[in-house]
Every structure is written in structure tokens, then in C-alpha cells.
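Biologist: I have a sequence and a model open side by side. Can you take me through the features, one at a time?

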Amino acid sequence: MAGLNVSIAFFFLVVGVCQVLRWLSKRFLSPGPYGCLARELAGSLQLCTSCLELRMLVEIGPWGGGFGLDVVLTLLFLLFTVHGASFDGASANPTVTLQEFLLVESNLASTTAKLLAQGVGTGMGWAVTKLYWSWELTHFHLIQNLIVSECSSSIRTALHHAAFAEGTCSFLFHLVLLKLHSSHTMYRVPALAATVTFLTYTAGPFTGAFFNPALATVTTFHCSGNSFWDYVQVYWLGPLAGMLAALLLYQGNIPRLFQKNLLYSQKSKYKIPKARVMAHLEGEEPQRKRKGEKSTSEPRP
């Protein structure tokens, strides 16, 4: 279990360093650049390094460390709980950023800046993790260095099944994210962490369950077994389609593209109880009768 303890210490170190980066950026940058660049860069760096190390434990741990999938899933839940609590509003996920743009919560300039920061952050995360693995602090890292150059594709099913799996994971994740958008952090963070853990357990054996285009790009696009276009269909187009389907189902429309609600009828925000309406109508009826009698009783000129 010494190797597992080293990995846990690495997780704590990554979170601590990224938290310091966020604190320094918030102190010396204005809110605009911090929200668009520094926050997303630090979040993507933290997410990428943690997921790469955790992925290594998933592949090597069961036969090289003697621990089962339950240990990895527990670590995954705890990590995403920590990520959700420490990201300070960053998404570190291009589909979430595009969803905010489609909901008219951000403009084109800030969306582009966030996407670039996520790309740079995940690239830095990949470089930092490779450097960390090269030190070979545990036998896990020694094995990882031997097999990293011959990694195989994470797609272990038919291409259309893989794209559907990633799209479904993205659909469910974004649906939960939209539902919990206004919830308190204390409830939203563990709910999202539990959702990610469940989706990873369900779809992980088939595609790796990334449903994050930036993370999937640095993790599996360089591996042999599938073409670049195959990876694009599964890990880019699949999550994007899932996000659009979740947004359309939840909102009934896509606010950035059109305002008309395609799925749900527009109802009044304030509902009047039926009994009150009937009482109101019954009260008006005698008044109409009295007015009618008065008009007929008036003498004609």
C-alpha cells in the first residue's frame, strides 16, 4: 500500500499548489482575467494531473497493488468532491463552458479565453504528471513508464456504441448540473461527485468515461488502436451532443440560438386557485343582474 500512499500524497500536493495559484491570481489579477484565464487554468491543471494519476491506479492497481475497484472509486468520489469545493467556479470542461455560452451566461470572448485556458491547463497537467512519473517513486510509476509509449485506445467497444456511451454520460452529467445549478454548494458538490463516480463505474470499461473533451485529448488521443477522427467522434462530438440534448430537454430551447420554447408550453408564473376563480365569477353574476335591472327600469326620454 506504500504506492497508494504516495499517490494520495501527490493528490494533496496538486490541490495545494493549485489552491496557491488561485490565491495569487485572485490577489494580483482583476476579476475578468482571473475568471476567464487563471481560474480555468488552475482547475484544468488540477483535474488533469489527478485524473492521470487515478487512471494509472485503475490500470495497474488491481494486479500491481492488490487493491480493488472500490478503492479507486472511493478516491474518485473524494477527489471530485475536493475539486468541486476548491475550483472556485471553474468548470475545467469545454462542454460546460459551451453550455454557459449557450445559456447566455458568458460572451464569446470570455468563452474563447476559458477554452484556451483549459487547453493550456490540461497540457501542463500532462507534462507535470509525466515528469512526476519519471522520478519512479513507486513501482506503479516504473510500470507506467514501461507501458506509456505503447498505450492502447480507451475505446473497447464498437465506435457508435462508444460515441453513444460518452454522449449518454455527458447528457446525464449536464442534466444533473443544470438541475443543481442554483443549489447550495454543500448539496451540489457531493451530488456531482456521486454522479461522476457512478458514470465512471458504468461506462469506464467501454470508453474510460471521460465526457470531457480536453481531458480525453491529452489522455488517449496519442494512443494506438483508433484514428484521430474516431477519437473526435467519441470524445468530442459525443459529449457535445449529450450536452445539447440535456440543455434542450431541461430548458426546452437553446437561449443563444432561439427564444421560442420547443418542448414546453409557456404557463403563467402565478396560478390562481380554481375555487377562487369560481367564487369571483359567482360574485360578479348578481352585479350583472342588478345592472341589467337598473338599465331596464330607467324611463325613456
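This is a predicted model: local features need pLDDT of at least 70, side-chain atom pairs count only at pLDDT 80 or more; totals for chains, interfaces and linings use all residues.

Biologist: How many helices and strands does the protein chain have?

Modeller: Helices (H or I, at least four residues) and strands (E, at least two) are DSSP runs, numbered from the N terminus. Here the protein chain has 11 helices and 0 strands.

Biologist: What percentage of the residues is buried?

Modeller: Buried means under 20% relative accessible area, exposed over 50%, and partly exposed in between, using a 1.4 Å probe and protein chains only. Of the 301 residues in the protein chain, 43% are buried. Take contacts between residues at least 6 apart in sequence: 74% of them join residues at least 24 apart.

Biologist: And what is the accessible surface of the protein chain?

Modeller: Accessible areas come from the Shrake-Rupley method with a 1.4 Å probe; for residues, only the protein chains shown count as cover. The total is about 16800 Å². Carbon and sulfur atoms account for 67% of that.

Biologist: Which residues make a nonpolar surface patch?

Modeller: Patches are made of residues with over 30% relative accessible area and no salt bridge; like charges are joined within 9 Å, nonpolar side chains (Val, Leu, Ile, Met, Phe, Trp, Tyr) within 5 Å. V20, W23, L24 and F28 make a nonpolar patch of about 440 Å². L24 sits in helix α1, residues 2-28. Its relative accessible area is 35%, so L24 is partly exposed.

Biologist: Now the cysteines. Which two does a disulfide join?

Modeller: A disulfide is a covalent bond between the sulfur atoms of two cysteines. The cut-off used is a pair of cysteine sulfur atoms within 2.5 Å. The structure holds 1 disulfide. C151 is joined to C223, with S to S at 2.1 Å. The two cysteines link distant parts of the chain, 72 residues apart. C151 is in the loop between α6 (139-147) and α7 (159-179), and C223 is in the loop between α9 (213-220) and α10 (228-251). Both cysteines, C151 and C223, are buried.

Biologist: Is that disulfide left-handed or right-handed?

Modeller: The torsion about the S-S bond of C151 and C223 is about -110 degrees, so the disulfide is left-handed.

Biologist: What about C18 and C48: are they buried or exposed?

Modeller: C18 is buried, because its relative accessibility is 2%. C48 is in no disulfide; the nearest cysteine sulfur belongs to C51, 7.5 Å away. C48 is also buried, with a relative accessible area of 0%.

Biologist: How many salt bridges are there?

Modeller: A salt bridge is a side-chain nitrogen of Lys or Arg within 4 Å of a carboxyl oxygen of Asp or Glu. The count is 3. One pairs K26 with D88, closest N and O atoms 3.1 Å apart. K26 lies in helix α1 and D88 in the loop between α3 (69-86) and α4 (94-102), so the pair ties together parts 62 residues apart in sequence. K26 is partly exposed at 49% relative accessibility, and D88 is partly exposed at 32%.

Biologist: And the others?

Modeller: E100 pairs with K114, with N and O 3.4 Å apart at the closest. E100 is in helix α4 and K114 in helix α5 (residues 108-134), so this bridge ties together parts 14 residues apart in sequence. Both E100 and K114 are buried. R55 pairs with E59 at 3.5 Å between the closest N and O atoms. R55 and E59 are 4 residues apart in helix α2, about one helical turn.

Biologist: Which side chain of opposite charge is nearest to E53?

Modeller: Lys and Arg count as positive, Asp and Glu as negative; His and the chain ends are not counted. For E53 the nearest opposite charge is R55, 11 Å away. E53 is buried yet has no salt bridge. This residue lies in helix α2, residues 31-64. Leaving out residues up to four places away in sequence, E53 touches S7, F10, F11, Y132, W133 and H141.

Definitions and conventions
Residues are numbered from 1 along each chain as its sequence is written. Side-chain values use heavy atoms; hydrogens and water are left out. Contact means heavy atoms within 4.5 Å.
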